[in-house]
Amino acid sequence: MRRFIGPGEAWSFVTALSYTTVNILLRAAAVEIDPWVGSLLRQAPVAFLAWGVVMASERPVLTPGHERFLGWRLIGALAVAGFISFVAGNVLFFGGLANAGLGAAAAGAQGGVVLAGALGAALLLSERPNRFGWLGIAIIVAGLGAIALAQGTPGAGWLLGLGLALGAGASYAVANLVTRVVQRRRALLFVTLAISSLGGFGALLAIQLIRSPADPLMGTDPGTVLVVSHNVATMRKLCTR
């Protein structure tokens, strides 16, 4: 008989706690940081870590002609997933934090991930939840909605923030679906993170160099840079085990 809580479920709890900590820290920074800069800083340590591991131990996977080469189609899919998640998703999420606050933004993003992820997995990957799975998804979404509404009377800014957070969640779910497809073929964690960072960190850096060539960080306070980048790097290492 299968255990009710296996290794995957146990790590999902660690992931949830880790991202909760990250969201609290990002909320502290979101009011005073540009969404594009925040997204860039959030992705930078992950990109450096992943590429460091790949260059040290997984270089053949990205070497054309090598028997372990991942293939251009999967590489392109991961880069697109990185753009959807780290550019579109993170920018939307920072907007949600700034406009609606932590409760509504986190609830909206997680609700979007749960709904879009479950529907996408069922339609595209044939990974359909059973009745209890759908019941659990409904309970999670209802609970997240209650948390969001508990923040106060919705105003224009609150509704905008919630909409941005829902969009962020849907973006994360789409990227997760693409990553899941690749991981089912080749389970390469740091390679997946590294290639995704090409579409995420690479695109964000290019955007910032266009927006502000002289100062891509746009005068962001050093303390804010440390809070966003260091803590995201620490939590991401836990979340990707």
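Predicted model: local features only at pLDDT ≥ 70, side-chain atom pairs only at ≥ 80, totals over all residues.

Colleague: What angle do H2 and H6 pack at, and how far apart are their axes?

Modeller: The angle is about 140 degrees, and the axes lie 8 Å apart. H2 covers residues 35-57, and H6 covers residues 189-211.

Colleague: Why does that pair count as oblique?

Modeller: Roughly antiparallel needs an angle over 145 degrees, and roughly perpendicular runs from 65 to 115. The angle here is about 140 degrees, so H2 and H6 are oblique.

Colleague: Is the crossing left-handed or right-handed?

Modeller: Left-handed, as H2 passes H6.

Colleague: New topic. How many salt bridges does the structure hold?

Modeller: One. Arginine 68 pairs with glutamate 58, and their closest N and O atoms are 2.8 Å apart.

Colleague: Where do the two partners sit?

Modeller: Arginine 68 and glutamate 58 are both in the loop between H2 and H3, ten residues apart.

Colleague: And how accessible is arginine 68?

Modeller: Its relative accessible area is 31%, so arginine 68 is partly exposed.

Colleague: Which helix gives the largest share?

Modeller: Helix H3, residues 72-124, with three residues. Leucine 119 is in H3.

Colleague: Why is leucine 119 called partly exposed?

Modeller: Because its relative accessibility is 46%, and exposed would need over 50%.

Notes. Residues numbered from 1 in each chain as written. Heavy atoms only, no water. Helix = DSSP H or I, 4+ residues; strand = E, 2+ residues; numbered from the N terminus. Buried < 20%, exposed > 50% of the residue type's maximum accessible area, 1.4 Å probe, protein only. Axes fitted to C-alpha atoms, helices over the stretch in contact; angles between N-to-C directions. Parallel < 35°, antiparallel > 145°, perpendicular 65-115°, else oblique. Left-handed = near helix turned anticlockwise from the far one by under 90°. Salt bridge = Lys/Arg side-chain N within 4 Å of Asp/Glu carboxyl O.
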